[in-house]
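Hi there,

Here is the structure I promised to pass on.

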Amino acid sequence: MSSNVDAHAAHGSHADPHALHDDSHYIKVWGILVVLFAISFAGPFLGIRIITLMTAFGIAVVKAYLVAKNFMHLDIEKKFVVQLLVVCLGLLFLFFLGVSPDVMKHWGWNWRNDSAKNANIPEHILHEGGAEGAPEGAAPAEGAAPAEGAAPAAEGAK
Amino acid sequence: MAESHAHAHEPHGHAHHEPEGWFKHYFWSTDHKMIAKQYLLTGMLMGVVGAYFAYVFRMQLAFPGKPVPGYGMVTGADYNALITNHGAVMIFWVAMPVLIAAFGNYLIPLMIGADDMVFPRLNRLSYQIFLVSAIILGASFFVQGGAFGGAWTSYPPLSAKAEYNLTPLGPSLWLIAVALEFVAFLLGGINFVTTAMNARAPGMKAFDIPMAVWMIVIASIMFMASVGPLVAGAVMLLFDQLIGTGFFDPDRGGDPVLWQHLFWFFGHPEVYVVLLPAMGFVAEIITVFSRKKLFAYKTVLYTSIGTGVLSFFVWAHHQFIAGIDPRMANVFSVTTVLISIPIAEMCFVYIATLYGGSITFSVPMLWALAFIGEFLVGGVTGIFLGASGADIYFHDTYFVVAHFHYTFFPIAIIGTFAGITYWFPKMYGRHMNELANKVHFWITTVAFNGIFIPLFILGASGDHRRIFDYSNFPELATPEMQAMRVFATISLLVLLAAQPIFLVNFFYSMFKGKQAGANPWNANTLEWQCPSPPPHGNFDVLPDVYRGPYEYSSPDRADDFWPQNSPS
Amino acid sequence: MVKPIATTRSATGVPTGRLAVWWVIASEIVIFGGLLASYVMHRLGHPEWATYAAHTNPWAGGLNTLVLLTSSLTAVLAHNAAERGNGKRAANLLMLTCVGALTFLVVKSFEWYHEISEGFTITANGFWSFYYCAAGLHGIHVIAGAIIMLFVAADARKNKELQRVELIGIYWHFVDLVWIFLFPLLYIAK
């Protein structure tokens with residue numbers, strides 16, 4: 001008896017019990033998620049860094065949205081719940097904004113983080129990395145970064 | 001349907017109360033009132049511990065190199081461990097458990113007209129985790145090398161490497177204790193917030209909720225939103241300490257400033273987390289003892305929420321000279337000075353509440369007034385520190401110490417005494433001895449100022465903090481400065497000497513105090529509309545609410561109060 | 001223990017259990033968020049970590065992503081079954097979700113075993129420290145979620161406390177969500 005009461009109470013706040021979908025709806029969403037995943041997985045194989053990042057993170061955001069909306073039923077949840085979650089995400093970005101000027105840089109007005117540039121890379125890993133075929137992912141990443149890392153370091157040294 | 005069934009009429013709160021054994025009643029209870037008392041007593045005990053630490057290190061500062069009675073010789077390592085744990089204990093194991101866990105647990109269900117918290121077993125679990133955290137902290141004193149001495153802020157690399165802090169086990173135990181305390185309060189916070197949001201009596205709308213409940217709820221939300229990054233940081237620091245990762249080690253690509261940010265992103269909202277409940281208690285007390293409604297309920301509510309939000313935007317003012325990006329220092333300076341506005345606003349509202357009221361100088365009222373006065377001093381001195389230019393000089397001096405004690409002492413100590421003296425009759429069905437309480441009040445308040453005013457002067461004169469023996473610094477060891485240190489220490493001794501008055505009063509009155517009725521203060525809020533002490537289930541018939549909590553001296557009534565649950 | 005009347009009330013309109021789970025999720029957002037934000041800052045500040053990141057195994061990561069996505073599906077189907085009062089079906093679907101959790105952990109164990117034996121330990125360097133810390137914290141949440149799910153399933157099978165199927169489901173979807181971001185961060189963005 002109590003279980004039935006509980007089961008009804010479970011969706012008591014949803015506008016209409018039948019707003020919850022049939023199983024097929026969720027399977028469809030799952031299908032879309034799998035396709036999106038496949039695209040994001042394939043991204044790196046194209047070798048173009050900007051596309052990889054767009055597919056990887058852009059798709060991650062879309063997938064997250066789909067899971068939140070359809071699986072967690074945030075679309076029919078009370079608005080304040082969504083607002084609460086958005087506020088927490090906002091705090092997260094606030095944290096990132098406030099801290100990144102300190103942590104994300106290799107150099108500042110009066111300092112230079114040489115250690116970051118000279119970080120210990122164990123020999124056997126360095127050599128192995130070349131053999132494994134990872135460089136098509138690694139190389140484009142390396143291409144951009146050392147330039148911006150090297151230039152300020154050179155300036156700082158002057 | 002199920003919902004209407006629940007709302008229609010809810011008869012007894014005390015459902016099926018089988019007689020409990022002694023163990024279950026005192027140690028295994030799920031009753032929010034018992035759990036509240038467990039938190040209260042644990043917090044008070046830890047308060048004695050924290051006070052003892054302060055006694056020892058202040059004696060060392062006043063009489064350097066002399067053995068301290070009741071402790072012995074204080075070495076540099078001892079001193080560091082004492083100040084570190086004084087801070088940690090007072091914030092995490094005294095202020096939070098007493099103000100939030102004890103009073104929150106006790107008051108929230110009563111003030112919203114419920115029979116218990118919505119998750120009683122989770123409540124019990126929260127306390128048990130909290131107790132374990134206190135035990136682990138205690139254990140850190142008895143391990144090889146001794147307790148952690150890297151300051152309550154635990155900055156790496158000092159806190160990360162045993163070769164620097166010379167206490168191989170202490171820091172990890174300390175960190176685990178703090179992390180467990182966070183877990184306990186996360187669980188507790190969820191309980192409080194869910195209870196206050198959902199379990200309110202029928203008719204209690206948002207603006208009918210007493211300010212004490214609102215403040216504890218807002219504080220819990222702030223805690224839950226701010227502690228996340230520090231939990232992550234604590235895991236990272238623990239890995240650095242125990243398995244040799246380099247999250248905060250610059251030689252390994254890590255960044256110690258990251259820890260500072262992770263810590264203070266929590267640490268600053270934390271001080272408002274403890275402030276708001278104390279302000280909530282003051283709001284309850286000043287309305288009852290001036291027989292006046294709160295001057296501007298919505299203003300207080302919105303400014304509290306605004307303070308809570310703004311508190312997330314000021315954290316780096318603790319790091320002005322740590323090497324952060326100076327442009328960020330500008331931003332945080334502005335936000336820090338801004339945050340003084342809502343809090344000052346609240347103090348003004350409280351003063352306006354008192355103005356023209358029919359004031360009774362009962363003991364709770366004395367504590368509430370002391371809170372407002374002392375906290376204003378603390379707040380104003382914070383503005384000096386918030387200006388990043390001035391902070392270059394003041395940072396890590398005793399000026400900072402005096403500032404945060406002028407804020408923390410009102411919060412944690414004055415707020416606690418205000419709450420206990422006000423709600424004691426409800427909790428134990430008896431009155432405390434009023435004369436003893438008044439003596440305790442005056443000695444405590446005067447002595448407190450005697451400790452920290454010299455510290456302001458010392459700080460402005462350049463006294464750096466966290467130094468265990470100033471005789472090595474000739475410019476700081478002048479006779480005048482040392483005289484101030486001695487004066488501060490003697491004031492502390494006076495303060496400590498007065499506390500047994502309260503403690504004896506507290507425990508004696510629990511058993512032998514004058515019997516108190518349900519509503520000795522003629523107050524409106526729901527906790528006073530049930531027996532003292534409330535039985536299991538709180539209310540014989542769960543109340544319905546018809547009005548706000550501060551309808552005092554209403555012109556349409558003969559009585560100068562109007563309980564929230566009276567139909568007419 | 002008899003539930004207090006307080007637990008059955010719902011002034012907000014959201015049942016108490018679900019409200020509590022949302023607060024849990026909210027606080028977890030900042031916990032994982034703090035860790036991941038710290039990682040992102042470090043990763044962007046240390047481009048040389050790309051040589052380390054090259055060694056994560058996208059096939060293992062990808063497989064685990066598929067496993068978690070599918071387990072999210074079974075979890076929401078379990079919720080649907082519970083809504084219709086079919087406790088037995090809900091329990092079975094929850095058990096399938098647990099199988100997904102177990103698969104995830106097994107794949108991860110093989111992955112980590114391989115990586116550790118290659119010398120990519122948690123203390124090897126900053127990248128791997130974050131890798132194990134983040135994935136490890138996530139893994140602990142997977143384990144905890146699976147254990148709770150077993151209890152909920154046991155009750156659901158007897159048609160008891162069916163509302164909890166939705167609640168553990170919401171938690172589970174969150175665990176999936178974290179992984180949806182961990183996967184590109186650790187396996188794709190090299």
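Helices here are DSSP runs of H or I with at least four residues, numbered from the N terminus. Please keep in mind that this is a predicted model.

By that numbering, Arg291(B) sits in the loop between helix 9 (256–290) and helix 10 (297–310) of chain B. Its phi is near 50°, a positive value in a residue other than glycine. Arg291(B) has 15 C-beta neighbours inside 10 Å, so it counts as partly exposed.

Glu161(C) lies in the loop between helix 6 (126–157) and helix 7 (163–188) of chain C. With 21 C-beta neighbours inside 10 Å, Glu161(C) counts as buried.

There are cis peptide bonds to look at too. One runs from Pro156(B) to Pro157(B), with omega near 0°, and Pro157(B) is in the loop between helix 5 (120–139) and helix 6 (162–165) of chain B. Another joins Ser532(B) and Pro533(B), with omega about -10°; Pro533(B) belongs to the segment after helix 16 (479–512). For context, most residues other than glycine have a negative phi, and most peptide bonds are trans.

On to the folds. Chain A has seven helices and zero strands, and chain C likewise comes to seven helices and zero strands. In chain A, 26% of the 158 residues are buried; in chain C, 68% of the 190 residues are. The C-alpha atoms of chain C fill a box of roughly 55 × 30 × 25 Å along the principal axes.

Happy browsing!

Key:
Residues are numbered from 1 along each chain as its sequence is written. Chains are lettered from A and ligands numbered from 1 in the order in which they are written. This is a predicted model: local features need pLDDT of at least 70, side-chain atom pairs count only at pLDDT 80 or more; totals for chains, interfaces and linings use all residues. Helices (H or I, at least four residues) and strands (E, at least two) are DSSP runs, numbered from the N terminus. A residue is buried if 20 or more other C-beta atoms lie within 10 Å of its own, exposed if 12 or fewer, and partly exposed in between; C-beta atoms are placed from the backbone.
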